[in-house]
Every structure is written in structure tokens, then in C-alpha cells.
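Biologist: Please show me the model, and then we can go through how its chains meet and what lies inside.

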Amino acid sequence: MSGNGEHQNGNGNGHDPAGNGNGNGVRAGANGRGAPGCNGGGGDDDEQHLLTTTGRAARRGSFGPGGGHGMPAEKSKDFKGSIKRLGQILGAEKNLLIVVALLSVASVSLVVIGPRLLGQATDIIVSGVTGGGIDFGALHRKLLIVAAIYLGSWALAYGQAWLLAGVLQRSMFGLREQVEAKIHRLPLSYIDRQARGDLLSRVTNDIDNLAQSLQQTTSQILTNLLTLIGVLVMMFVIDPILAAVAFVTVPTSVILMKQIGGRARPRFISQWRYTGALNGQAEEVFTGHAIVKSYGRQADVEQRFSADNEQLYQASFGAQFMASLIMPVMVFMGNLQFILIAVVGGLRIASGSLTVGEMQALIQYARQFSMPLSHLASMAATFQSGIASLERVLELLDADEQSPEPEATAHPGPVKGRVVFDDVHFAYDPAKPLIEGLTVVAEPGQTVAIVGPTGAGKTTLVNLLMRFYDLDGGRITLDGRDIASIPRHELRSEIGMVLQDTWLFGGTIRDNLAYGNPTATDEQIMEAARVTYVDRFVHSLPDGYDTVINDEGDNISAGEKQLITIARAFLADPSILILDEATSSVDTRTEVLIQEAMNRLRSQRTSFVIAHRLSTIRGADVILVMDGGRIVEQGSHDDLLAHDGPYARLYSAQFAGQAT
Amino acid sequence: MRAASSPLSTNRQPAALRRLLRSHLGPYRRVLALVIVLQAVQTTATLILPHLNANLLDSGVLQGDNSGVWREGGLMVAFSFVQIAFAAAAVWFGARMTMAFARDVRRDLFHQVTSYSAREVGRFGAPSLITRITNDVQQVQQLTVLAATMMLAAPLTMVIGIVMALREDTGLSVVPLVSVPMAGVLLGSIVYRMVPAFQLMQTRIDRVNGVLREQITGIRVVRAFVREPQETERFERANADLTETSLRTGRLMASMFPTVGLIVNVSSLGVLWLGANRIDAGQMQIGSLVAYLSYLMQILIAVVMGTFMVSMIPRAAVAAERIVEVLDTDSSVRPPDHPVTETAEHGTLEFRNVSFAYAGAQTAVLHDISFKVAAGQTLAIIGSTGSGKTTLVNLIARLFDATEGTVLVDGVDVRQLHPDLLWGRIGYVPQRGYLFSGTVASNLRFGRPGATDEELWDALEVAQGAGFVQAMPDGLASPIAQGGSNVSGGQRQRLSIARALVARPEIYVFDDSFSALDLATDARLRAALTPRTRDAAVVIVAQRVSTIIDADEILVLEDGEVVGRGTHSELVDGCPTYAEIVASQLGAGAVA
């Protein structure tokens, strides 16, 4: 999560809305070579860095219930409104919630009556001692009643908590479902604009935090509040004067808590600051381990780390001391309350206005009162942080969705694949028009290659054709139909896509290959794997096609991942193909080997190929040279070389080295 | 990472926690003893209050002696102040001790990792190491904090409470003797079932998060292949699994508080029931009965707290095991006992029949590699991904040690050289230029802190980086963000080349360092480099043929073996692999 801000500006990526938008940073690196002097070349590392950081943050956050790395509880922005929304989320189980509330009231009432009755039992003993012998019949009757009451209250409380757990978990299930469904309805512009770490954190850490804080607090907050009220009532019923005296300590406690809290806060802030600094150092040194070692800078980095570590120690000591002080102070205040009741109560017993049993009841009530009070204080913080998380989830759920789907039309028969960009206008940022009046015609079966420097808008064309983004002006047609009038899923199922950003999901290689065509037979999968040279390296893996891979996994190389994505597109068998830097991580020798597969993949299909390696696109029917959202040149490879324009310059720059 | 705490290792976790505590809390055992004493005093002070209250009732109130009430009341106030004073002191020393413990663990972890060779770092992975030094340390620290503040107090309260209760009246001992173990057993059985449920829940949370993460990172692919329905289905399964486990843990938790409450309440009934008989028989006083009720309450609260703490241990134990794992792993590259500090040769590098295999791997990554580079010469290494180029380079700076054969720098086995001397002679430029937060200058001086500004500019000129550094608002003082994320990849690469030049090493190692540069810059840089490396050996690993075309010798690596060696023109004719590489980059027919 950290460092996202830095990525947005600063390097070549910053002025490359297309690159940024896609998370396809490597293109920037590619173009640095193609167009000398262009401030590119930054994307690769940054994106990697971003991804690892994100993954790590997510993992870190998800470690253990309660997180444990305790970020300071965020304040909510609109507490009332959010509580209302929380009510709506839980509202589906309104009837059960009412039952829960009734059970709580009943159970707490029973618990609160207990000490009073026990006090009366004590009084029976006391009067027996001072009078003539204890009335055991009355005492045992009383105690049995109390036993029944306690048993009843236990059953009610257990039932309450049991039901509430169900309500909460089902609601969280529903909320997670809503979020997941929302992801599929969000426009890509939203997802691209958000810092990825932040978005991931919302759908994972924040929902976890919400579920946990609700589970920890709702049941307790309810019963504690009710207990407070009940105890208060009972104390005043027994002896209003003594109750009033006992409550002298409450405002004092509150003031003390505030004092300590106020002192703890700045210490916690500096603790988090130093923690951040220290984590940053560990991250930097561990990541750059090879450099530190090979320049012999071990002692130096350790010294720096020690200095910050010592600072963190000082800061966290202060914070921890203050935080830990709360408990003893609460105990102290509880003791003072106890003493007040004992002394004042003792005097009142002596004057005959109070019985021993009543005092005993008051002492028990006082203990019951101070416990929930300190509980509530700590739970309020947990609840607050849960609500803050809820707000972040709600922001996501309330985000604008993509434009509505057009009515599904009657299927017009097999797609031929004539794609026309007709006077297309588009901008990621309205203030910075990116594509203005672009017109391209791709005849069925043609291969259209697109080259140009970073930020030229190459990948944007892919975004528009796939309807990841909607046009600002003009139109794109497929066989004469405006793609905006075709339901997205219908359009996309006609188009196969291989991106440089090789995304694979966690699963076996076989499942990943069949991703675009779940009905593919094993023979088809093997065939696709063979022609794309996936088969060759799969055989060297211990579990072959059943080897489990994932996006971050490092059991296969970047180039091998790309081969899998090519095989995946091959199996999907689309009418139109998009290859966006599809072989950028494949070494040049392997690229030559899979060239035949690529040719087969492209034949009979309209294909769009984006590549900076010009050897990849030499055979295209049409090469479009883009710059600044415009086509500056188009034609076949030979035409363009003969024309001696920008393409020829790109070409000679790439091959100059070898020519000497 | 979680695989590290697989079922196999669960038995090791508590042991790991114990070891970590013994080794790193050990130095503070005096403070720990002090904290225990302080906690014992403050607990006793709290627990004496019900006894004083009993006196207040029995000898004050019931005797009609108001001065007795005031006297006992005054004593109670005095003891409360003793309690708060000792408690505050306990918290003070407790915080000191636990924070110092965490600091020491962090320091030792950091030291251990910096002493690692690339092999250990690679084995754990940098992200995992970072998590261990941050999150895992925090988990263990949290446990120790709770231990110092509450966990110590809980058994103390239990023991002292029982003693105090027995002092009031031994005849009622049956009540705590029954209720305390009963509470322990009931809570224990709940916790016992909760711990595995929590662990399962954690894996299921990870699963749900994993699916969501994939859906977001792969959103273009999901949409392009119209896989939304299947993705939703996949998510729903994970979500339902998680809900089922959460419900189970939630309901177990739900049973905890009411059950404890029931035991506390029923016990007080027992005290009154039995106490009445004893009072009737004149064996006990009223005040003692009231005090007894208080003690029982406090003891049982202590039991609850204790159980709660115990339920925290498994999580901290997982973290402790991950920490101990790092502390227990020693660098596989050890400095020599009697290092060589002087060498006869300068600027030479030789590999003699070097083989290398990763620990536990069946096949060697490098097999029987031999070559020699003299001062002023350039050796280039080329080969496709996975051919072992980077591993070979790593052997020079002892990021790894060869499993067979010898690597010689300046004529001496690198394992005999003092590490500082060895590293001082090597200028290593990695595939990905990694810069540290600081300034341009601080990064350039990384290998030689004493370098002058002129020397920095000179190195930048050679590395083709002077232009863009001049263009930066603060020149050499311009800030560099962590990892170098605020400069472009090409700039980063040129800065890390300049960094190596500033260090004035005897052996330059460029590990695919030129690939982020465009061809023209690459060519200018190599031209400027040649006069600077007249007294040094240069090793260049490259993908691009153009980068290495002028090298004195080129090694062609394939699957860890040398399949060709010679100059460019020799190899084009004599080495089919090399010819293929050249052809793939130039296009058919363009081979010159």
C-alpha cells in the first residue's frame, strides 16, 4: 500500500495514462529503447514493486484474527449515516434481531436481580445471628429461586449470543457477496483509477475488520449497556444516597481515562511513525540485499537500523506504558468505589438505614458496574474502527457502475471480423484528450500492428475495442454493428486477448489453459500446449499439467507465464485477436520457435498486435505508427521502410547495433 | 509463507516460543522478577480490601463502633494507594522489559538477515523476511505485553485469592475447590475447540481474500473471457466455507461469557448455603461471608482472564516459530578463519571447474565452468533465460559459494579472501538497478563514501547519466525514493552503473545491466567504459548480441553448460546456439 502515491507521479509512468490505466508498466521499459530520449523505461520495476508490496500488505493484514499489527483506529466520517447503513445490512434479519434484543433484556434483568436477592439471603442469615437462629427454610427457598434465575439468565444469554452470531455471519456473507458482484459491475476506469493496494484492502482487510469488530462488540455492547442501566436502577432502588456516593467515582474515572488517553495518543502516533520508518528500512535493505552485500555495507545499514530501532523502543515504551496504565487505574477507581460503599454503607448500617445484605448487594453491583464501563470504553474503539472499515466498503458499493447493457439482439450469425474505428475520440482525463479523430479499418483476417512510443495510446485502442472503457466520440463497429449496441459479454466472447500483464489464477496449469474454454477436451489442451511450447517446460515440472501456479508464484518464469496466456487464447478460439506485447518476456529464440503458433493463431482472424520488438510485427498486413493519440504513419513494413519516416527511424534504432 | 507453519511443525511452535522467550527475555530476568514482585504486591493490596471490609463489618458496624469503621476505611484507602503505586511501577517496568525484548528480537533478526547470503534470502523471500521482522515480532510482543500486565496478575490473583479466602474460613474451601477447576475445564474445552477453528477460519479468510484479489488483479482477463459467472461461483463457495467456520467460532465464543457468569453466580449461592450453616454453628462471622463472596468473584475473574490469555498463545507461537526459523538459519557463506588480506595479482578473475547446485536440487544449475579474465579484458556471457547466467555471476561476490571447483579473484580462492576485501574489489551492477532512499550522491557513494563530487560527475559522464542528473532541480542532492521509484528504469540503471564506477573496483560485473538502455546509449556507455576499465576485469551478462559483440571472449551458456566460447565472429560460424540467438535478433539473412 505504501508507495502507491510515488508511483503515480515521478517516473515515466506518470504521463502515460494508458500505461497507468492498464497496469502494463513494462511497455514503458520497452519504448525507452524504441524511442531514444523518451522518458520511459520505468514501468517494469515499479509495477513489480507495486504488486509485491500489495501482496505483502494484503498478506500482512490478513494474518491472524484481529490483524495484530494494529493500525491506529481510523475515525469514521459520517458515524450516524454509517450506523443506519449497518442497520440496513443487518435489517434482512429484523425479526431475529428483535428476538435477540428481547432475550438480552430478559437475561440482563434476571442477572441484575440476582445480587439483590442474594443480599436478602444474607439478611436472613444476619437476622438469624442477631435474633434466634437462622431460618434455613426461608434461606434455602431464596437461594433456590436465585439459582433458577441464574440458570434462566444463562440460557437466555447463550441463546441471544448464539442467534446474534448467526445474524452477523449471514449478514457478512451477504455483504461479501455484494462486494464481489459489485466488482463485476464496476467500470474499469474506477478500478484503474484506484490504487490497487487500497482497493484490495477494501475488499479484504476492511470486510474482515468489520466482521471481527462486529462479532467482538455487538453482543457485548448490548448486554453491557443494559447491565449498566439495570445496575444503576437497582442501586438507586436499594439506597439512593449510597448509590449517589458510589457514583462520585464515575466522573473521576472518565476524567482520568481522558487524561491518560490524551497522553497516550501522541506517543502512539510516534510509535507508528517509527514503526513505519523501521519497516521501510527492513523492506529496503532486504530487497536490495544483493547490493548491500556486494558493496560491503552491512555494518552501515545495521547501524542505521539500530538507531531507528532504539527510537522505536523509546516511543513504544511510552505508548505501552500509558496504554497499560489504564487497567490499574480502573482497578484503583473500582477499589475506591468499594471503599466508599464499605465505609459509608457501614455508617448507614450502624444508623439502621441499611442492612448488611443490602450493602453486600451494592458492592456486587458496583463491581458489575465498573466492569462493563471499562469494557465499553475499549469496545467503543473496536466498534469505531469497524465502522470506519464499513465506510470504506460502502464507498466501493456506492461507486458508479458501468453504463447499462444494451438489449441482447438476435444473434446475427458468425462474426466475420471487420473492425472499424470511426473518428474515435477518447480521454482518460477530460482535461487531457488522448485520442482525437482516430480512424482505422481492419478487414476480416488482417493483422494490424500498432507501434509507437509510450503514451501514444496503443493500449487504449485495446481498452476501447474490448469496451473496458466507453468512447467519448465516434464509434467502433464490428461487421458494421456499433459495439456499444452489443452486450459486453457477447462482444468479448468474440475477442481473444493476450496481454503483457500475464494474469493467471491460482490453480493448475491445465485449468489455466482451459480458462477461456471450460469445455475444452484434454486433447485440445495438449495440442494448444504443444504448439505454444508450453508442453516443453510443463514436462520438466514435478506435477506436469497439474502443477499449481498463481499470479505471484515463482515456480515458472515470466516468459513461461506468457506462453500459457498465449495457449489460453489459442484454446478460446476467438474471431478477433488482440496481442498486446504478448511475447515481451519470451526470449528471442523461443519467440522464433512459437512464431509458427502465433501465425496459426492469427490466420483467419482479424488480429491487433502491439509490440515494441519490431521483429515481432514485421509480417503484419498493416502497421500503424502512433504518436500522441494519432496515427502518424501507416502501411506495410516495406512501404514504411521505403517511406523513411518515423517507422524507419524506430527500425534502424533497434537494429543499428547488429548492423555494425 | 503459511506453508512454513504446516501441520508437521505445529508441535515445534510452543517450543519455538519458549526458546525465543528464554533467549531474548533472559537478559531481562531481573526486571521480570521485579515485575512479578510488584504484581504480587499490588494483587495482595487489592485482595486485602475484602478482608478489611470484613473487619469493618464485624468489629465496626456490627459492634456499633463507628471509629472502627473509620479506622478500617482508612486502612483500605492506604492499601488502594499501595495498589496503584505498585501497579503503576509494574506497568512501567513491564513496558520497559517487553519493548526492550521486541527491540532486541528485531535487532537480531535484522543482523541475521544482513549476514545471509543470497541463498538464504532467496529461500525465505524478501517479502517473507519483511513480514517476519515486522508483523511476527509484533505478534510476539503483544503476547509479552499481555503477559507482563495481565497474565502474571491472573495466577497471582488466583493463588493469593485462594489463600485469603482460606484465611477467612477454611470450611468453605469446597466451593473454590469445585468451581475453580470446573471453570478451568469448561473454558479450557471451549478454547481447545476454538483454536483449530480459528486456524481453519484463517485459511478460509485467506481463500476468500485470494479469490477477490485475483478477480481484481485479473479483471481484464476475467472480463475478456466472460468468466464472471464462474468467478462468482468460485467466490460463493469460498464465502460459504468461511461463513460456516466463522459461525462455529462465533458460537463457541458466545458460549464463553454466559458460562463463566453462571459458574460465578452458582458459586456465590454455594457460599451462602454452606456459610449459613457455619455462621449458625458459630464457626464463622458475617463479615467473612461477605468477604468470601468478593474473593470468589475475583478468583473466577482471574480464571477467565487466564484462559483468555492462554488462547492468545497459539497465534504468537506461530509467529515465534517463524522468527526462530530465521534466527536459526546461518548464512551458507561463511567468512574464512584466516582470511588472505594481500593478493599478488590485481584485476583478474578465474573459474576453475566450477559447478553449482541449489541445496536439495537434483540437477546442477552450473556444470564444470572454467574461464579466466585478465585485467583489461572483457568476458561476455550470453544464453537464454534459465541458462544459469545470473547464478554464475552471483558466485563471484560470494552471494553463493560454488558447490564444486574454485572461483579465484586476483588469483586467490574467494573463500580465502576477507569479505571486505573481496567486496571492495568487485563492482556489481544487477539486472534491476536498485537504489536506496537518500540522494543521488548518497547512492553513488554507496561503494566509496569518501568519493568527491568531481569523481561522482566523472562516473555519471561514463554511465551516460550526467545529463539527466544535471537536469534534476537539485543535481547530485536530488532525492531518491526507496527502490529508486522516482526515476525511470533507464535512469536507475545508469545510476547503478555509475555507483559501481565510483567504487573503482578491480572487477566489474554487469548482470544484464544494459538491457534497460536503448541501443544508442548502450553503445556510448560501452565506448566510454573501455578506457576506464583498462586495469580491471569486466564480466558482462547480456541478452542482446549487440552489447557483447566486441567482447574479448564470449561464453554461450545453455542449461548450465558452456556450449560455445570465442569471439563473436568465431561463434557465429562455430556455435549453432549462438547463431540461433543472433538470427532471432537480427532476422533471417541479416547475420553479418
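Biologist: How many residues does the contact take from chain A and from chain B?

Modeller: This is a predicted model, in which local features need pLDDT of at least 70, side-chain atom pairs count only at pLDDT 80 or more, and totals for chains, interfaces and linings use all residues. Residues are numbered from 1 along each chain as its sequence is written, while chains are lettered from A and ligands numbered from 1 in the order in which they are written. Two residues are in contact if their C-beta atoms, placed from the backbone, lie within 7 Å. On that basis the contact takes 150 residues from chain A and 143 residues from chain B.

Biologist: Which element gives the largest share of the side of chain A that touches chain B?

Modeller: Helices are DSSP runs (H or I, at least four residues), numbered from the N terminus. With 28 residues, the largest share comes from H13(A).

Biologist: Why does Ser496(B) count as buried?

Modeller: Ser496(B) sits in helix H16 (residues 489-502) of chain B. Leaving aside neighbours within four places in sequence, Ser496(B) is in contact with Val429(B), Gly433(B) and Leu435(B). A residue is buried if 20 or more other C-beta atoms lie within 10 Å of its own, exposed if 12 or fewer, and partly exposed in between, with C-beta atoms placed from the backbone. Ser496(B) counts as buried because its C-beta neighbours inside 10 Å number 26.

Biologist: How far apart in space are Ser496(B) and Ser513(B)?

Modeller: In sequence, Ser496(B) and Ser513(B) are 17 residues apart. In space, C-alpha to C-alpha, the two are apart by 8.8 Å.

Terms used:
Helices (H or I, at least four residues) and strands (E, at least two) are DSSP runs, numbered from the N terminus.
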